[in-house]
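Visitor: Could you take me through this model? I would like to begin with its sheet and then turn to the side-chain links.

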Amino acid sequence: MVPGLGSWLLALSLAAEPAASQKSSVSEVIVMKSKKLEDDGRIGKAACLARNSYTKNISLEMSSNKVVYEINTPILTSEGLYNTIQVVNVTESTEVTCLAKFNNSTITASTTSAEEEAEEPVIEKVCNTTDTSAQDNKVEKANMLSMAVLGLRVLLAKSIAFNTLMSIKLFLF
């Protein structure tokens, strides 16, 4: 207990945030719409991801108000940037628009029919995979060689320890 404060509790909050003087980041907003629909076949999910922001104040607004999942506080990455995400329910034919507000700037992203068509790759010809058995043999030989060297090192260490013990026994007894 701290003298003079009685039974009041002390609380300390520490937050590490990137410096405001850092150069402006290339923030990006990505909108994704699921192709898998729910049981009724008309409702799917759409997600809006705002990433690479130096500011913690990120707000996302999507064209649909049916929010399924939203992060309350943005996630701080190892690079010192913030990311956040919001997931909403949308109907199958709805175009999804996401508006991300970072301090003084606004970025808008949306799904278009061209993007949705581009997401589905058309597989015309399946390429044969290369024969990896030759690569596996090289890796296997390298592993065996490594294990042989390790075994010889252990044998050398044992022989040195045994010789040291025998020398001590000879001189002391």
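Guide: Three strands make up an open sheet, ordered E3-E7-E8, with antiparallel pairing. Strands, labelled E, are DSSP runs of at least two residues, numbered from the N terminus, and two strands pair if DSSP finds at least two bridges between them. This is a predicted model, in which local features need pLDDT of at least 70, side-chain atom pairs count only at pLDDT 80 or more, and totals for chains, interfaces and linings use all residues. Residues are numbered from 1 along each chain as its sequence is written, and side-chain values use heavy atoms, with hydrogens and water left out.

Visitor: Which strands stand at the edges?

Guide: E3 and strand E8 (105-110) do; each has a single partner strand, so one side of each is left without a neighbour in the sheet. From one strand to the next, the twist averages 20 degrees; axes are lines fitted to C-alpha atoms, for helices over the stretch in contact, and angles run from 0 to 180 degrees between N-to-C directions.

Visitor: Over how many bridges do E3 and E7 pair?

Guide: Five bridges, in the antiparallel sense. Ser 59 has Lys 101 in E7 as its bridge partner.

Visitor: What does Lys 101 form with Glu 61?

Guide: A salt bridge, with the closest N and O atoms 3.3 Å apart; the term requires a side-chain nitrogen of Lys or Arg within 4 Å of a carboxyl oxygen of Asp or Glu. Lys 101 in strand E7 (residues 97-102) and Glu 61 in strand E3 (residues 58-62) are 40 residues apart, and the pair links distant parts of the chain.

Visitor: How many salt bridges does the whole structure hold?

Guide: The search finds two. Arg 51 and Glu 28 also meet in one, at 2.7 Å from N to O. Arg 51 belongs to strand E2 (residues 43-53) and Glu 28 to strand E1 (residues 28-33), so the pair ties together parts 23 residues apart in sequence.

Visitor: Changing topic, which cysteines form a disulfide?

Guide: Cys 48 and Cys 98, with sulfur atoms 1.8 Å apart; the cut-off for a disulfide is a pair of cysteine sulfur atoms within 2.5 Å. Cys 48 in strand E2 and Cys 98 in strand E7 are 50 residues apart.

Visitor: What is the handedness of that link?

Guide: The link is left-handed, with -70 degrees about the S-S bond. Cys 48 is buried at 0% relative accessible area, and Cys 98 is likewise buried at 0%.

Key
Helices (H or I, at least four residues) and strands (E, at least two) are DSSP runs, numbered from the N terminus. Buried means under 20% relative accessible area, exposed over 50%, partly exposed in between (1.4 Å probe, protein chains only).
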